[in-house]
Amino acid sequence: LARVFPLKGITVLLRAAAIVRRQVPQVRFRILGETPDAEYFAQCQAIVREHGLEGNIEWGETSEPAAE
């Protein structure tokens, strides 16, 4: 769970996901959180497309707090 915001490093996660997928093709990542920065979110989506991760990344929002 993370707000999709530059400070959270989602772009780093997405690039790492591309590396992981090379070894685990069916891996799935869920990125849940608000997207207050439309430009940054568009940048994230571009990385997903660039690395062909459309089937591995799931975007969404939740009102559930993270588990302790």
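Predicted model: local features only at pLDDT ≥ 70, side-chain atom pairs only at ≥ 80, totals over all residues.
## Overall architecture

The protein chain has 68 residues, and buried residues make up 28% of them. Its secondary structure consists of two helices and two strands, arranged along the sequence in the pattern α-β-α-β. Helix 1 covers 10-23, strand 1 covers 29-32 and helix 2 covers 38-50, and strand 2 covers 57-60.

Of the contacts in the protein chain between residues at least 6 apart in sequence, 79% join residues at least 24 apart. The accessible surface comes to about 4,900 Å². Carbon and sulfur atoms account for 51% of that surface.

## The segment before helix 1

Pro6 sits in the segment that precedes helix 1. Pro6 is classed as partly exposed because its relative accessibility is 40%, and partly exposed residues lie between the 20% limit for buried and the 50% limit for exposed.

Beyond its neighbours within four places in sequence, Pro6 is in contact with Asp37 and Tyr40. Pro6 and Tyr40 are 34 residues apart along the chain, yet their C-alpha atoms are separated by 6.7 Å. Tyr40 is one of the buried residues of helix 2, and Thr11 of helix 1 also has Tyr40 among its contacts.

## Helix 1

Helix 1 is 14 residues in length and spans 20 Å from its first C-alpha to its last, close to the 20 Å expected at 1.5 Å a residue. Its buried residues are Ile10, Thr11, Leu14, Ala17 and Ala18. Viewed down the helix axis, these buried residues fall within an arc of 105°, so they line one face of helix 1. An α-helix has 3.6 residues a turn, so residues three or four places apart point the same way. The face turned away from the buried side carries the exposed residues Val12, Ile19, Arg22 and Gln23. On the buried side, helix 1 packs against strand 1, helix 2 and strand 2.

Leaving aside neighbours within four places in sequence, Thr11 is in contact with Tyr40, Cys44 and Ile47, residues that are buried in helix 2. Ala18, also in helix 1, is buried at 5% relative accessibility. With neighbours within four places again set aside, Ala18 is in contact with His51 and Leu53. Ala18 and Asn56 are 38 residues apart in sequence, and their C-alpha atoms are 9.1 Å apart in space.

## The strand pair

Strand 1 and strand 2 pair in the parallel sense, over four bridges. Ile31 stands opposite Trp59 in strand 2.

The two faces of strand 1 are covered and uncovered: Phe29 and Ile31 are on the covered face, and Arg30 and Leu32 are on the uncovered one. In a regular strand the side chains alternate between the two faces of the sheet.

## Helix 2

Helix 2 has 13 residues, and the distance from its first C-alpha to its last is 18 Å, close to the 18 Å expected at 1.5 Å a residue. Tyr40, Phe41, Cys44, Ile47 and Val48 are its buried residues. They fall within an arc of 115° as seen down the axis, so they line one face of helix 2. These buried residues pack against helix 1 and strand 2.

The face of helix 2 turned away from its buried side carries Ala38, Glu39, Arg49 and Glu50, which are exposed.

## The nonpolar core

The largest nonpolar core has 15 residues. Those with the most contacts inside the core are Val4, Ile10, Leu14, Ile31, Cys44, Leu53 and Ile57. Helix 1, strand 1 and helix 2 each supply at least two residues of the core, and helix 2 gives the most, with five residues.

Cys44 illustrates how these parts meet. Leaving aside neighbours within four places in sequence, Cys44 is in contact with Val4, Ile10, Thr11, Leu14 and Trp59. Ile10, Thr11 and Leu14 are buried residues of helix 1, while Trp59 is in strand 2, opposite Ile31.

Technical notes: Residues numbered from 1 in each chain as written. Heavy atoms only, no water. Buried < 20%, exposed > 50% of the residue type's maximum accessible area, 1.4 Å probe, protein only. Contact = heavy atoms within 4.5 Å. Core = buried A, V, L, I, M, F, W, Y, C linked by side-chain atoms within 4.5 Å. Areas by Shrake-Rupley, 256 points an atom, 1.4 Å probe, with all protein chains shown as cover. Expected span 1.5 Å × (residues − 1). Arc of directions from axis to C-beta. Pairing = 2+ DSSP bridges.
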